[in-house]
Amino acid sequence: MLDIRALRQDGEAIKTALSKRGYTLDLDAFASLDAKRKQADIRSQELQADRKKASKQVGELIKSGMAVEEAKAQVADTLQTIDAELDREVASAKAIQEDIREFLMGIPNVPQDAVPAGNDEDDNVEVRQWGTPKVLPFEPKDHVDVGEALDGGLDFERAAKLSGARFSVMSGGLARMHRALIDFMLDMHSDEHGYQEVYVPFLVGPEALRGTGQLPKFAEDLFKMEGERELYLIPTAEVPVTNLAADEILEADTMPRRYTCHTPCFRSEAGSHGRDTRGMIRQHQFEKVELVQMVRPEESDAALEALTGHAEAVLQKLDLPYRVVILCGGDLGFSSSKTYDIEVWLPSQQCYREISSCSNFQDYQSRRMQARWRNPETGKPELVHTLNGSALAVGRTLVAILENYQNEDGSVTVPEALRPYMRGLERLK
RNA sequence: GGAGGGGUGGCAGAGUGGCCGAAUGCACCGGUCUUGAAAACCGGCGACGGGAGACCGUCCGUGGGUUCAAAUCCCACCCCCUCCGCCA
C-alpha cells in the first residue's frame, strides 16, 4: 500500500513512476475521494466533539448538586439535534475511509528509478552471467525424458491419476535428491549467510495475504479451503514468514531480521493455461526455500543485493550456469519496487529459465501489515522495509540438475556439493 | 469435547459507569551529580487520522447493544491460559 500523504503531495510524480509498469493511476478519482473523506471527517468530528461536550456537562451538573433528570433535560435539545445528523455523517465518513483503503490496496508499488522501462519479460535487462552454458557432447534430453528414464524417477501419469495435471510423483534416488536439495539450501543459508530457519503454517487467513499483497486482487491464483474458517494454502513462504512481523514493533537491536524457510507452495496457475504444461517447471504444488528480510529503510537497497547473492551462491555451489536479470516495469510483481530474477541454463531449451525471484518491497508490505521498528533516533515506530527471494525453487533446481548433469547413458551425476546430503551417492541411474 | 480464568501502552500490570487515553513499575529519552559510567534525583515518554497551529477526533481483542455518558454493564464472535477427556 502506498503512503496516502505521499499520494497527496507527489501525485503526479507517483503517477509517472507507475506508468512505467503500465498502470494508470486515476488521480482525479483519488482527489475526489480524498476531498469527500475530509469533508465527512471534519463534519462528523465536529458533531462528535459537540456531543461529548454535552455529555460531560451532564456529569458536571450532577456533581454540582443538580438532580439527574434535570441535568439531562438541560442538554436534551442539543443532543437531539446532533443525533439527527451524527449517525449519517459517521456512517458516510466510515464508508469513504473504506473506499479509500480499497483504492489504495489496489495500487501496485512504485518502481524504483533503476527499474528499466518495458512491457514484458522480453524487456528485462541482463545484469550479469555466471558460468558457461554447458555444451553436451550429445543431444541433450529434457528433464522429463531424463527423469522418467531413471529407475524410480519422475512419474507424471500416476500424479495425474491422483490429482490431475500439474502435479508430479518422484521416487527413489530422485526423491532423495529433491529432499537433499532442501537440506543443502537451508544449511547454507543458516550456516553461511546468517539466516534463522523458521517453520510456519502452510494455511493462512486472508489478513496475512492482504499484508503481502496477494489479496484482494489475486484471489484467483490461490487455493482456498472449504469449511467454516477462511483459510488459503500458501502460494509462497513469503506470506507466513513476512507476516511474522505484522502488527509488531521490532526493537532496533533485533534487526535486520533474516529468515530462511522451506515450505511447499500451492498455486492455481489460473492465468497460465497452456504454458509450461510439460514437466515440473510449473506445478500446482512445489517446494521452495525462501529468504525473507526485515531491515531498516536505508539498508534495503544493499540488502537486496546481498540477498540476491545468497540465492546465486546456491547455484554456484551446484555449478549451474545462470544469469541475473532486472525486471522491467511491465514484468514487475504487484508489491515489488525492484526485482532481480535469477535464470538457470537449461540445455534442452537452449535458454535461461527463471529459478529465483528476489525483491525489495520497501515499505509497501509493511504499511499493509503494520510491521514496524522503533527508530532509536526518533524514538518513534516506523515502517520496516521487507525483502524476499527464492533460494531456490527446489523443483526447478532439480530440473536444472537433471538437464545439466545428464550423461549419454541416461544416468545423472550427483553434483559434488550435494553428495554429503545423499550418503555419498555419485550417480542416479 | 467439558469446566473455569483471561485479553488494557514497547513489556509487566492497576483500573467495574462521568474527574480515564488510562495509576504504578520496567524499558526508553533529556537533565542534575560524576574525570567517565553506574546509582540516586528531576523531567519527559502510546498509536493513528485531521489541522499552519491552538487543538480536535478515533483506538483498552473484534463486532453489535444499553446509557445523556462505556476500558468498566449486556450479547455474539475470535484468541490465549489452567484443569479434565481424546489424540498424531
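The model is predicted, so local features need pLDDT of at least 70 and side-chain atom pairs count only at pLDDT 80 or more, while totals for chains, interfaces and linings use all residues. Residues are numbered from 1 along each chain as its sequence is written, chains are lettered from A in the order in which they are written, and side-chain values use heavy atoms, with hydrogens and water left out.

**Overall make-up**

- Chain A has 12 helices and 17 strands, where helices (H or I, at least four residues) and strands (E, at least two) are DSSP runs numbered from the N terminus.
- The C-alpha trace of chain A spans about 100 × 45 × 45 Å along its principal axes.
- Of the 429 residues in chain A, 50% are buried, a term that means under 20% relative accessible area, with exposed over 50% and partly exposed in between (1.4 Å probe, protein chains only).

**Helices H3 and H4**

- Helix H3 (residues 27-63) packs with helix H4 (residues 68-105) at an angle of about 155 degrees, and their axes are 7 Å apart; the axes are lines fitted to C-alpha atoms over the stretch in contact, and angles run from 0 to 180 degrees between N-to-C directions.
- That angle makes H3 roughly antiparallel to H4, since angles over 145 degrees count as roughly antiparallel, under 35 as roughly parallel, 65 to 115 as roughly perpendicular and the rest as oblique.

**Aromatic rings**

- The whole structure holds seven aromatic pairs; rings of Phe, Tyr and Trp (its six-membered ring) pair if their centres lie within 6.5 Å, and planes under 30 degrees apart count as stacked, over 60 as edge-to-face and the rest as tilted.
- One of the pairs is edge-to-face and joins Phe218 to Phe334, at 5.2 Å centre to centre and with 75 degrees between the planes.
- Phe218 lies in the loop between helix H8 (206-212) and strand S6 (232-233), and Phe334 in the loop between strand S10 (322-326) and strand S11 (338-346), so the pair ties together parts that are 116 residues apart in sequence.
- Phe218 is partly exposed, with a relative accessible area of 27%, whereas Phe334 counts as buried at 15% relative accessibility.
- Ring pairs link Phe218 and Phe334 with Tyr364 into a cluster.
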